[in-house]
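The following exercises are to be worked with the sequence and the three-dimensional model at hand. Each task is followed by a solution in steps.

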Amino acid sequence: KFILNNIALDKGIVKNRALLENIFSLFVAFNSKVPFFIIGKSGCSKSLSMKLITKSMQGTASEKPFFKKLPKNIIHSYQGSLASTSKGVENVFNKARETLKQLKESKNKEQVISLIYFDEMGLAEHSPHNPLKVIKSKELLDFFYKENTSEKASTKLNSTNKKNKNFSELEETNNKTDEKNN
């Protein structure tokens with residue numbers, strides 16, 4: 001609750017369990033530089049959580065003192081759809097990579113986390129163009145490994161992904177957990 005209590009919420013936003021869990025998970029994933037997937041049905045605060053945490057984590061420009069001590073998030077968004085292509089997915093990774101390169105070369109020493117926010121991955125998964133194959137490419141995997149294991153790097157790349165479509169096993173597990181809790 002501490003993290004959520006340090007986030008400015010617009011009027012009408014309820015601090016429910018889904019929002020609390022999503023915010024906490026995103027916060028930990030961003031600061032640990034770990035790829036993260038939020039999977040769930042429509043209306044369970046996936047996009048809202050991402051919006052709130054990224055708006056709050058703006059480094060020294062953050063509104064709340066707690067977030068001023070943490071790295072700034074730079075978001076590179078990709079909207080998945082049935083028309084998604086490998087080139088489109090690759091472009092967002094290239095933009096994130098270029099941002100990291102520019103920040104490393106600049107005199108700005110503020111810590112930054114460059115994020116890739118992939119919304120509606122489930123729709124892209126069903127695209128006839130098979131756009132997700134590029135994520136599995138050796139080049140991208142090597143890039144993630146090098147950037148996330150460099151001890152001297154002040155900027156990192158983190159991949160965050162939100163999916164509304166079914167991931168059969170995970171979705172079934174979530175549903176079973178929801179049924180037990182209700």
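Among contacts in the protein chain between residues at least 6 apart in sequence, what percentage join residues at least 24 apart? The share is 72%, where a contact means heavy atoms within 4.5 Å.

The model is predicted: local features need pLDDT of at least 70, side-chain atom pairs count only at pLDDT 80 or more, and totals for chains, interfaces and linings use all residues. Residues are numbered from 1 along each chain as its sequence is written, and side-chain values use heavy atoms, with hydrogens and water left out.

**Exercise 1. Describe the overall make-up of the protein chain.**

Step 1. The protein chain contains 8 helices and 4 strands; helices (H or I, at least four residues) and strands (E, at least two) are DSSP runs, numbered from the N terminus. Their order along the sequence is α-α-β-α-α-β-α-β-α-α-β-α.

Step 2. Of its 182 residues, 40% count as buried. Buried means under 20% relative accessible area, exposed over 50%, and partly exposed in between, with a 1.4 Å probe and protein chains only.

Step 3. The accessible surface is about 10700 Å², and carbon and sulfur atoms supply 53% of that area. Areas come from the Shrake-Rupley method with a 1.4 Å probe; for residues, only the protein chains shown count as cover.

**Exercise 2. Locate the salt bridge and state how accessible its partners are.**

Step 1. The structure holds 1 salt bridge, defined as a side-chain nitrogen of Lys or Arg within 4 Å of a carboxyl oxygen of Asp or Glu. The side chains involved are those of R17 and E21, at 2.6 Å from N to O.

Step 2. Both residues belong to helix α2 and are 4 residues apart, about one turn of the helix. An α-helix has 3.6 residues a turn, so residues three or four places apart point the same way.

Step 3. R17 is exposed, because its relative accessibility is 55%, whereas E21, at 39%, is partly exposed.

**Exercise 3. Characterise strand β3 and the residue that follows it.**

Step 1. All 8 of the 8 residues of β3 (residues 112–119) are buried, so the strand is largely enclosed by the rest of the structure. V112, S114, I116 and F118 point one way, while I113, L115, Y117 and D119 point the other way.

Step 2. β3 pairs in the parallel sense with β2 (residues 72–79) over 8 bridges; two strands pair if DSSP finds at least two bridges between them. In this pairing, N73 stands opposite I113.

Step 3. E120 lies in the loop between β3 and α6 (121–125). Although not a glycine, E120 has a positive phi of about 60 degrees, and its relative accessible area of 17% makes it buried.
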